[in-house]
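Visitor: I would like to go through the disulfides of a protein model. Please show me the structure.

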Amino acid sequence: MDFIRMKICLSVLLFLNVWFCTAFDVSTIPFNKGFSHLFGDANILHATDDNSLQLHLNQNTGSGFKSSDLYNHGLFSAKIKLPSDYTAGIVVAFYTTNQDVFKKTHDELDFEFLGNIKGKAWRFQTNMYGNGSTHRGREERYTLWFDPSKEFHRYTILWTNKNIIFYIDDVPIREIVRNDTMGGDYPSKPMGLYATIWDASDWATSGGKYKTNYKYAPFIAEFTDLVLNGCAMDPLEQVVNPNNCDEKDVELQKAVFSRITPRQRMAMKRFRAKYMYYSYCYDSLRYSVPPTECEIDPVEQRRFKETGRLKFNKHHGHGHRHPKIRSTSQVLDARISENEDED
């Protein structure tokens with residue numbers, strides 16, 4: 001076990017009071033074998049080995065990259081280190097989507113990291129959209145048990161036709177299990193993997209109270225050890241030929257990362273109890289009846305207000321689509337964030 005991995009395992013032990021350290025048996029992929037630039041070419045810096053890169057944000061533009069293919073389910077992962085110091089107004093996003101192909105009926109799975117003023121911690125959220133249901137976003141917001149700007153941590157999205165799991169390192173932090181009543185709200189069309197850094201001053205930090213300060217530019221997000229483990233689809237054939245990935249689906253569902261062990265489930269429960277500060281499942285102002293995939297825990301429910309925010313916690317708040325596109329979900333995020341404390 002290398003030193004960094006030992007530190008990650010120790011952080012799980014110290015902060016979640018659970019000991020496990022199971023490596024995902026997946027292969028990384030060089031950038032030129034699976035990715036291409038999305039925007040801000042001059043702000044994308046590649047390492048000489050092509051296994052790492054930096055995305056920069058400055059006064060001129062942010063930057064981003066995407067996978068060359070769309071995938072019909074898969075495991076998507078990267079080790080990421082976020083910018084440090086003053087990061088208010090900044091969003092770093094690591095997500096899957098098919099918005100470029102399905103303009104009005106797109107699917108999406110998000111990690112979105114929200115910057116903060118100097119001395120305050122990064123926050124992040126996960127989200128799920130299905131079939132263009134941006135008005136039915138499934139946001140959850142959290143803090144972290146470590147400083148994501150100090151060293152690399154692995155962030156992973158698993159997407160199968162039965163479940164979705166978000167991981168940080170080896171800790172599952174959220175699982176969405178598909179059921180028939182979700183219908184098109186469960187992502188079902190092939191998606192690509194994207195990563196971006198951009199200026200979201202109008203909503204990202206305390207509902208837009210704190211803006212991006214380019215005195216601290218360039219803001220740099222670093223990515224390494226990229227993983228694309230899924231069934232690649234030809235974008236021109238994805239609608240005509242959607243069922244050619246059954247074998248890969250079975251492989252994904254049998255893999256170790258598709259099954260949450262009892263210890264991992266315990267760690268996930270403790271993470272959510274300690275670090276989750278907003279859940280759409282408990283936001284009765286948005287959903288008078290919780291979406292069907294929500295499993296309401298009475299003990300957990302008592303911790304939240306009718307807004308889905310913690311009753312006695314100072315934190316809270318969402319957003320990304322492609323940069324410079326303001327979605328319905330971002331408007332909701334801005335509304336949610338208006339009452340957010342700066343901590």
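What follows is a set of questions and answers on the disulfides. This is a predicted model, in which local features need pLDDT of at least 70, side-chain atom pairs count only at pLDDT 80 or more, and totals for chains, interfaces and linings use all residues. Residues are numbered from 1 along each chain as its sequence is written, and side-chain values use heavy atoms, with hydrogens and water left out.

Visitor: How many disulfides does a search of the whole structure find?
Guide: A disulfide is a pair of cysteine sulfur atoms within 2.5 Å. With that rule, the search of the whole structure gives a count of two.

Visitor: Which residue forms a disulfide with C231?
Guide: The sulfur atom of C231 has its partner 2.0 Å away. That partner is C245.

Visitor: How many residues apart in sequence are the parts that this pair ties together?
Guide: Helices (H or I, at least four residues) and strands (E, at least two) are DSSP runs, numbered from the N terminus. C231 lies in strand β14 (residues 219-233), and C245 lies in the loop between β14 and α3 (246-254). The pair therefore ties together parts whose separation in sequence is 14 residues.

Visitor: Is C245 buried or exposed?
Guide: Buried means under 20% relative accessible area, exposed over 50%, and partly exposed in between (1.4 Å probe, protein chains only). C245 has a relative accessible area of 1%, so C245 is buried.

Visitor: Is the disulfide of C281 and C294 left-handed or right-handed?
Guide: C281 and C294 are joined S to S at 2.0 Å. The torsion about their S-S bond is about -80°, so the disulfide is left-handed.
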